[in-house]
Amino acid sequence: MSAHAVPADAYTTGLLSKDLPTELERLQLLEKTYDPGTVQALGRLPMRADWRCLEVGAGAGSIAYWLADRVPDGSVLAVDIDPRFIDADRAPQLEVRGSDITTDDFPAGSFDLIHARAVFMHLPQRTEMIERAMQWLAPGGWLVLEDVHFLPAADSPYPAWQEVHGAYLTALAQQGIDLSWARRLPAELAAAGCEAVDVSVTPGGLGVDEVQDQLLGIRLIQSGPRLVEAGLVTAEQIAAAQRLVESGPAPDLSTFVYSAWGRKPAGPAQ
């Protein structure tokens with residue numbers, strides 16, 4: 001399998017295809033859920049108005065827009081395998097480009113900030129991609145990576161969620177997604193040579209808040225038929241999980257988004 005086959009397939013024909021009618025809504029609910037944690041992490045950096053930023057896997061564009069507002073004298077390059085949902089006219093310093101970072105390249109030292117959320121967990125050669133990203137950073141630049149760590153579905157207190165969430169995780173793993181990679185992010189950044197490595201964590205799951213329940217409901221609508229077609233669950237199990245989401249259950253944490261960041265050394269060794 002080529003280095004770019006897994007992410008490309010996952011976003012064109014898999015559970016996360018942009019062609020699915022609910023995918024934009026799912027991405028926008030993801031933004032509502034996780035943008036606050038991302039903004040908090042990025043807000044810790046000594047960002048300047050002239051920074052050159054690379055937003056990888058820009059999705060529906062919210063963080064690319066946020067960055068563009070903060071670098072009026074700099075630039076934001078927003079890349080995605082399928083960038084159809086990103087408004088390239090949102091800001092003059094924003095450029096939108098269709099790109100697969102596992103095959104495309106950027107000149108060394110091109111960026112002061114590289115950010116990616118829910119991207120590296122999809123990539124077969126994750127460690128190698130961190131090393132490549134470090135090459136794209138200017139000395140003193142910052143690498144901010146965020147990915148989702150999924151807890152075991154079998155640990156859920158709700159049998160209906162054990163079944164359907166477990167099937168969803170099985171399908172994601174079959175697409176090549178590493179469900180526990182996120183926990184290793186801080187150590188991976190340090191191993192790649194980053195300084196000042198730190199991390200924050202945002203919990204998610206069933207019953208956590210209204211937006212997350214809306215997100216999970218959309219996910220069931222979007223992935224349910226494919227999970228049934230694959231023989232991982234039945235339509236009745238999907239319906240039971242949907243009723244559970246709509247019932248407003250006591251919270252069941254099932255994910256943690258790890259936001260990890262580190263600085264490329266500015267010394268002559270780099």
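1. Which residues does Gln 162 touch, not counting residues up to four places away in sequence? In this predicted model, where local features need pLDDT of at least 70, side-chain atom pairs count only at pLDDT 80 or more, and totals for chains, interfaces and linings use all residues, the answer is Ala 153, Ala 154 and Ser 156, contact meaning heavy atoms within 4.5 Å. Residues are numbered from 1 along each chain as its sequence is written, and side-chain values use heavy atoms, with hydrogens and water left out.

2. Gln 162 is found in helix α5, helices being DSSP runs (H or I, at least four residues) and strands likewise (E, at least two), numbered from the N terminus. Gln 162 counts as partly exposed because its relative accessibility is 29%, where buried means under 20% relative accessible area, exposed over 50%, and partly exposed in between (1.4 Å probe, protein chains only).

3. Beyond residues up to four places away in sequence, Phe 120 touches Ile 101, Arg 126, Met 129, Ile 130, Leu 145, Asp 147 and Trp 181.

4. Buried residues of α2 include Leu 27, Tyr 34 and Ala 41, and among the elements covering the buried residues of this helix are α3 (62–70) and α7 (210–229).
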